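Keep the structure open while you read.

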Amino acid sequence: MLLDTSRFKTRTGVLLLTGLLFLLLLPPVTAVMNESYLVSFFSRILIYALAAVSLDLILGYGGMVSLGHAAFFGIGAYGVGFLAFHFQESTLFIFGFEGTDNALISWPFAIIFSAALAAIIGALSLRTSGIYFIMITLAFSQMFYYLFVSLEAYGGDDGLSLWSRNRLGSLDLSNDTVFYYVCLASLLVFLFISWRLVHSRFGRVIRGTRENELRMQTLGYATYRYKLVCFSIAGAGAGLAGALMANQNEFVSPGLMHWTHSGEILVMVLLGGMGTLFGPVLGAMVFLLLEEVLAAWTEHWMVFLGPFLIVVVLFAKKGLYGLLTGERHE
Amino acid sequence: MNDFVLQVSQLKKSFGAVQATNNLSLEIKRGEIHALIGPNGAGKTTLIKQLSGELNPDSGSIIFNNKNITAFPMQKRALLGMGRSFQVTSVFRQLTVKENIALAVQAHLGHSFHFWKPAAKEKKLEQATMQALQRCGLQARAEAIATSLSHGELRQLDVGMALAGKPGLLLLDEPMAGMGPGGSLKMTELIQELKGHTSVLLIEHDMQAVFSLADRITVLVYGEAIATGTVEEIQNNPEVQRAYLGDARADA
């Protein structure tokens, strides 16, 4: 486990630096190789990485196994979608607000929208634990899936199309390379925030609660509150990922909230390594690359992914990230 | 403030037909080590659970420092100064010894909604943690992950965490359970040092330890306190001898 920076091993440092360089240099290198479609594909990876890191906060550090994380991802996407839709139609959104295509408004809106929803769902779900928590988060996300399927005004089952990506200052997001770097920056900022978070007092409380909630309570912690705040922060992260995804695809649909989508994000975290923050980034990359490669080969690509996941989970306690860094704890 | 840190009156708790706590009244004087003995199944741990708030009594009241805490949740009692160690070691196994203790210390240093500053770099927290580590004699193992500790060290850590919050009343549930003679002695010393400034409710089967540590003893049988008194009084109490020391000695 990464406890503080002084324990940060050189091997881990080299690995992270290599990863960062790879991601930074990807657009120019692919441009030279004439494979620039990869930039858009990697934007998708970065967005899923962001969602996976946010899930890791509650799953890996908080021990809250949520099968409803895609709901917050989808809500974030719809946050952008709603505002873009009303902007396109020149109609009013709720409370007399107009729509907008300005990222500086719609992305924070998506984040707050998701965080607020996470607070509500969390407040109810966190009264349970274990298998009940898994089931109730799954149920909530399915509830939102069907709610959005039935929202005919916003395209219902067919989803919503955006005319273009959002405006973000003087940045041209319709340029895939620019958008890629915006996704990368978002991921790095969220990773940094999460890193600070898990090493703060709050982070310690969250990890302690995962380990032994009864003991935390006898020590004097109102654990429910801490878990709820953590759940909302994770929801906010997923909301940002959703906002980016809406821009990436220029399209939002209820499918983003489906529970199988939650399952995919969960698999990314497990594959990369729970409770490592950086592992889920690796997990998202490996998952989506495998999907891309295998799906081109056979439509039954899950047949190969399944056993691979089982092998990783069984033999690498901290996932692929743990294998690479050689971490043994936990 | 009166002389009692804890006043339990007419506490009742039953599980189905089993009366685990039966009209139990108990008073713990400020600064005393009060031992609770009784055969297995007498309801000792059930009582600790009700005192710490893990279980709610069916009726009766618990007064802690002149405050009726009968309906308070666990964390509130802890913050008021009630520390508890567990019969079955209950620590954060994947965290280091230092982090375990730090969590216990941190609980009493205001709320923990501090999201940004690395906890390991907070001077006040760090200092208090090192002091608490020293008190429970684990400073040499500070960076060890709790899973790597020996049984005796884990027991020390469990008690150390309960002590780290500088509680006014410490509930110790068989701190010597499963310890060798060396470990028991160390633990006895640790508890001995508390005498006078920290009130202790001690559950222990090791009679030697109980007789050497306790200021007063309460004997519990079938959830009922059949006698309370000094070590001598309890040793000479015929009812206690019959009910516990005599025929139930094998249990101890």
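## The mixed sheet of chain B

This is a predicted model. Start in chain B, where 6 strands make an open sheet. Their order is β6-β7-β8-β3-β9-β10, and the pairing is mixed. The edges are β6 (82-85) and β10 (224-229) of chain B, each of which pairs on one side only. From one strand to the next, the twist averages 15 degrees.

Strand β9 (residues 216-221) of chain B is joined to β10(B) by 5 bridges, and the two run antiparallel. Here B:Leu220 stands opposite B:Ala225 in β10(B). Strands of a sheet pair through backbone hydrogen bonds, either parallel or antiparallel.

## Helices on the mixed sheet

Helix α1(B) packs on the sheet. This helix touches β3 (33-37), β6, β7 (169-173), β8 (199-203) and β9 of chain B. The direction of α1(B) makes about 150 degrees with that of β7(B).

Helix α5 (residues 151-164) of chain B lies across β6 and β7 of chain B. It runs at about 175 degrees to β6(B).

## The antiparallel sheet of chain B

Chain B also holds an open sheet of 4 strands, in the order β2-β1-β4-β5. Its pairing is antiparallel. The edge strands are β2 (18-29) and β5 (67-68) of chain B, and each pairs on one side only.

Within this sheet, β1 (residues 4-15) and β4 (residues 59-64) of chain B pair over 5 bridges in the antiparallel sense. B:Leu6 stands opposite B:Phe64 in β4(B). Helix α1 (residues 44-52) of chain B lies across β1, β2 and β4 of chain B. Its course is at about 65 degrees to β2(B).

## A helix with one buried face

Now turn to chain A. Helix α5 (residues 131-149) of chain A has 19 residues. From its first C-alpha to its last it reaches 27 Å, close to the 27 Å expected at 1.5 Å a residue.

Which residues of α5(A) are buried? They are A:Thr137, A:Phe140, A:Ser141, A:Phe144, A:Tyr145 and A:Phe148. Seen down the axis of α5(A), these buried residues fall within an arc of 140 degrees, so they line one face of the helix. An α-helix has 3.6 residues a turn, so residues three or four places apart point the same way. The buried residues of α5(A) pack against α3 (69-89), α4 (103-125) and α10 (259-272) of chain A. The face turned away from the buried side of α5(A) carries the exposed residues A:Ile131, A:Tyr132, A:Tyr146 and A:Leu147.

## Where the chains meet

Contacts between the chains involve 27 residues of chain A and 32 residues of chain B. On the side of chain A that touches chain B, α6 (176-199), α7 (201-211), α8 (213-219) and α9 each supply at least two residues. The largest share, 7 residues, comes from α7(A). By type, the residues on this side of chain A divide into 11 nonpolar, 8 polar and 8 charged.

## A closer look at A:Thr223

A:Thr223 sits in helix α9 (residues 223-249) of chain A. Is A:Thr223 buried or exposed? It is buried, because 22 other C-beta atoms lie within 10 Å, and 20 or more count as buried.

Leaving aside neighbours within four places in sequence, A:Thr223 is in contact with A:Thr209, A:Glu213, A:Met216 and A:Gln217. A:Glu299 is 76 residues from A:Thr223 along the chain, and their C-alpha atoms are separated by 45 Å.

Conventions:
Residues numbered from 1 in each chain as written. Chains lettered and ligands numbered in written order. Predicted model: local features only at pLDDT ≥ 70, side-chain atom pairs only at ≥ 80, totals over all residues. Pairing = 2+ DSSP bridges. Contact = placed C-beta atoms within 7 Å. Axes fitted to C-alpha atoms, helices over the stretch in contact; angles between N-to-C directions. Buried ≥ 20, exposed ≤ 12 C-beta atoms within 10 Å, placed from the backbone. Expected span 1.5 Å × (residues − 1). Arc of directions from axis to C-beta. Nonpolar A, V, L, I, M, F, W, Y, C, P; charged D, E, K, R; others polar.
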